[in-house]
Amino acid sequence: MTLESYQTNGFFDELFKADGVPHSGARPLVEQIDSLSRKELQRRQKAAEDILYQSGNTFNVYGDKKGTEKILPFDIIPRMVSARDWDKLERGIRQRIHALNLFIQDIYNDQKILKDGVIPAEMIFSSACYLKPCEGLKPPKGVWTHISGTDFVRDSDGEFYVLEDNLRCPSGISYVLENRAVLKRILPSMFQTMKVRPVSDYGDHLYRTLKHIAPDGKDDPNIIVLTPGIYNSAYFEHAYLAQQMGVPLAQGSDLVVEDDKVWMRTTAGLKQVDVIYRRIDDEFIDPEIFRKESVLGIPGIMRCYRKGTVALANAPGTGIADDKAIYAYVPRIIKYYLGEAPISNNVKTFICEEDADRAYVLENLDKLVVKAVNLSGGYGMLIGPKSTKAEQKQFAALIKAKPREYIAQPTLSLSRCPTLVGSGIEGRHVDFRPYSLYGEEIFTLPGGLTRVALKKGSLVVNSSQGGGSKDTWVLGGSDVTGAEETTHA
Amino acid sequence: MLSRVANSIYWMSRYLERADNVARFADVNFHLMLDLSLDRDSTQWYPLVATSGDDEDFNKRYKTADEQSVLKFLTFDEKNPNSILQCIFRARENARTVREIIPVEMWEKINELYHLTQSHSRKRSLADLYDYYMQVRQAGHLFTGLMYNTMSRSAGWQFAHVGQMLERADKTARLLDVKYFILLPRGEQIDSAFDAVQWGAVLKSVNALEMYRQQYHSINYRDVTDFLLFSQAFPRSVLHCLDSAAGALKSLAPECKPASPARTEMDTLTQTLHRSDAAHIIADGLHEFIDGFQYNLNLVDEAIFRSFFET
């Protein structure tokens with residue numbers, strides 16, 4: 001009877017419509033959890049943690065000489081997305097990625113959207129994410145953002161809002177797959193009852209996405225994953241994805257440019273590389289063009305890319321559409337390129353570079369969330385209602401000094417999901433990141449990463465700041481007709 | 001296959017085999033002491049250090065060569081690059097860089113062994129240590145079993161196999177060498193009951209006792225030398241390991257750069273061994289023979305590096 005006394009406390013809850021009343025699709029899950037004693041739930045939680053620990057996807061505890069390693073916190077109570085909600089999310093994501101891709105292509109080529117005055121040109125050229133060396137680039141098949149992970153949060157009205165588009169090197173997909181593998185062992189009986197949609201074919205989809213952009217005439221392309229190396233915090237994910245596709249995992253030092261082609265150093269000599277899924281940031285990928293001191297990258301790779309002898313995923317330069325100030329314009333970007341109204345909502349965003357917005361932000365620092373436009377991971381952020389006067393003062397100074405670098409948004413009342421804590425089950429705030437692939441068409445994996453702020457009352461879900469993750473169940477139920485057909489093969 | 005990856009998979013395998021051998025030697029020595037009713041401060045521990053080849057380092061940092069200090073040096077000494085702790089750490093670091101190549105279960109096995117080692121290294125009791133050696137050996141068997149039963153015989157497997165075989169040949173030869181020259185310098189003990197127990201322990205530490213008995217029935221140093229160096233049937237004999245490594249190198253031919261020295265060096269070494277026999281070696285000096293063998297084994301290792309890993 002672990003859920004009997006569970007309280008939603010007025011927040012939108014991912015499993016409960018109201019206290020004691022589960023959402024219709026969540027009933028079997030709620031009943032199952034409720035039937036388990038607290039002790040049994042804790043036993044299963046421990047078992048899940050042991051599986052994750054054994055799988056070795058651990059990170060070193062900073063400053064610990066004994067080599068203590070930890071897993072990313074994981075909570076066994078899954079988050080659920082109904083078939084109806086998923087259908088709308090999927091359509092919204094597809095529309096967004098389609099439009100943003102056209103936007104990036106336009107920005108680095110004709111710049112029509114600037115000439116038409118839809119976005120002020122200075123917003124683009126003042127962005128640290130605008131990469132001049134990418135001007136005139138035309139990536140294979142016109143695709144820039146092959147892999148993306150859109151961040152959503154759900155407000156108290158139950159609506160999903162897009163928070164970030166993550167079009168550069170979104171990480172976390174391996175947690176989606178691993179969390180699922182674990183939960184299939186921890187709560188096996190639920191999967192059939194609830195028609196949970198599978199995620200395990202992600203590697204197949206990714207491989208096909210990458211194969212799609214191979215240079216012409218390469219029927220059996222040499223596709224690789226490029227990692228900064230084993231000390232990168234996402235290394236295990238890079239290895240995991242290479243393993244899921246059965247392709248080599250290379251480091252910069254394994255690759256070399258000769259005759260405007262990229263080669264990898266193999267035991268049998270040099271072998272040409274055709275497609276690179278690179279998990280190295282734009283600035284580090286080619287010291288000839290970007291950061292000169294980068295030792296992670298491959299000198300000359302951009303030359304090869306321009307010549308079309310090698311394909312990169314994602315294309316360099318996509319970060320311009322990730323700039324948090326540009327984000328504010330996405331509804332206009334969708335309207336401009338597709339002539340459609342946005343399906344997914346944006347969060348109302350104040351651009352500190354604009355005088356009226358800045359004045360409002362400075363007046364209301366105690367109510368707003370302020371974010372640095374080019375930082376992620378919960379860094380460079382002020383959460384107004386939870387901040388001290390001193391912090392507000394500090395941010396006011398920062399904003400006045402460099403207005404282009406800050407935006408502000410109203411504090412959303414993030415939805416919560418029942419979560420196992422020391423004393424039983426309590427609501428904790430969550431967000432949601434589904435992953436999409438843009439190959440022949442745009443495919444969104446029916447699942448995603450649910451991050452959960454494990455600290456009571458906290459709104460920060462980032463793993464660097466006390467966040468954990470949950471498995472996410474997209475239900476294949478019957479409340480939307482044709483839900484299955486919306487998935488692309 | 002990427003050169004860096006091939007190098008890592010080769011060393012992953014070598015380090016695991018090394019850890020496994022150290023655990024074997026220590027465990028068997030312990031049981032030998034019980035058989036001989038020797039006290040724990042006995043001089044019988046130092047030869048283990050000599051087998052590892054790290055005696056110089058040991059002499060610098062340790063005052064006595066009793067059970068406690070020898071086992072600490074061989075097992076959990078962080079400064080000894082060939083301690084079990086360091087071997088398993090490095091095997092895991094190498095495995096981490098080849099995770100996309102090896103089956104998931106193999107990675108998990110190494111990872112588990114690493115965590116087991118970490119938690120054991122914090123304990124102090126010698127009794128726990130012998131449990132730990134048993135677990136290391138079992139993990140070694142599981143790992144090799146997984147490798148044989150779940151990995152395609154493509155380049156990755158062949159590199160892992162070459163690494164394992166060369167390391168095993170090296171350790172078997174060292175064991176024989178040390179046993180022969182340090183444990184038994186006294187002529188009057190040769191072929192005594194004491195001798196049979198000692199050589200029995202040597203056989204046991206490479207899992208050879210039963211297989212040896214089926215061939216020779218009684219234990220003496222000449223037959224043990226013959227068996228451990230030249231048995232074509234026993235999978236841990238030096239000759240068997242080398243033939244097996246040579247076979248793997250042969251199947252790696254398409255992975256190899258042209259004019260690769262690895263096979264030439266390997267063939268030279270195996271041919272030398274095929275032409276030798278125990279009686280002549282003992283007459284001419286076993287130590288000199290094994291010294292020469294190890295020199296040539298290093299040449300093979302260097303040639304493999306130049307043929308496959310160097311870029």
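The contact between the chains takes 18 residues from chain A and 21 residues from chain B, two residues being in contact if their C-beta atoms, placed from the backbone, lie within 7 Å. On the side of chain A that touches chain B, α9 (235-245), β10 (249-251) and β12 (261-266) of chain A each supply at least two residues. Helices (H or I, at least four residues) and strands (E, at least two) are DSSP runs, numbered from the N terminus. By class, this side of chain A has eight nonpolar, eight polar and two charged residues; Ala, Val, Leu, Ile, Met, Phe, Trp, Tyr, Cys and Pro count as nonpolar, Asp, Glu, Lys and Arg as charged, and the others, Gly among them, as polar.

This is a predicted model, in which local features need pLDDT of at least 70 and side-chain atom pairs count only at pLDDT 80 or more, while totals for chains, interfaces and linings use all residues. Residues are numbered from 1 along each chain as its sequence is written, and chains are lettered from A and ligands numbered from 1 in the order in which they are written.

In chain A, eight of the eight residues of β26 (residues 467-474) are buried, so this strand is largely enclosed by the rest of the structure. Buried means that 20 or more other C-beta atoms lie within 10 Å of the residue's own, with C-beta atoms placed from the backbone. Strand β5 (residues 74-81) of chain A runs parallel to β26(A), joined by five bridges; Phe74(A) has Ser469(A) as its bridge partner there. Strand β25 (residues 450-453) of chain A is antiparallel to β26(A), with four bridges, and Val452(A) is partnered by Gly468(A). Strands pair if DSSP finds at least two bridges between them.

An open sheet of three strands has the order β7-β8-β16 (chain A), with mixed pairing. β7 (151-154) and β16 (345-346) of chain A stand at the edges with a single partner strand each, so one side of each is left without a neighbour in the sheet. Four bridges join β7(A) to the antiparallel β8 (residues 160-164) of chain A, where Tyr161(A) stands opposite Val153(A).

Definitions and conventions
A residue is buried if 20 or more other C-beta atoms lie within 10 Å of its own, exposed if 12 or fewer, and partly exposed in between; C-beta atoms are placed from the backbone.
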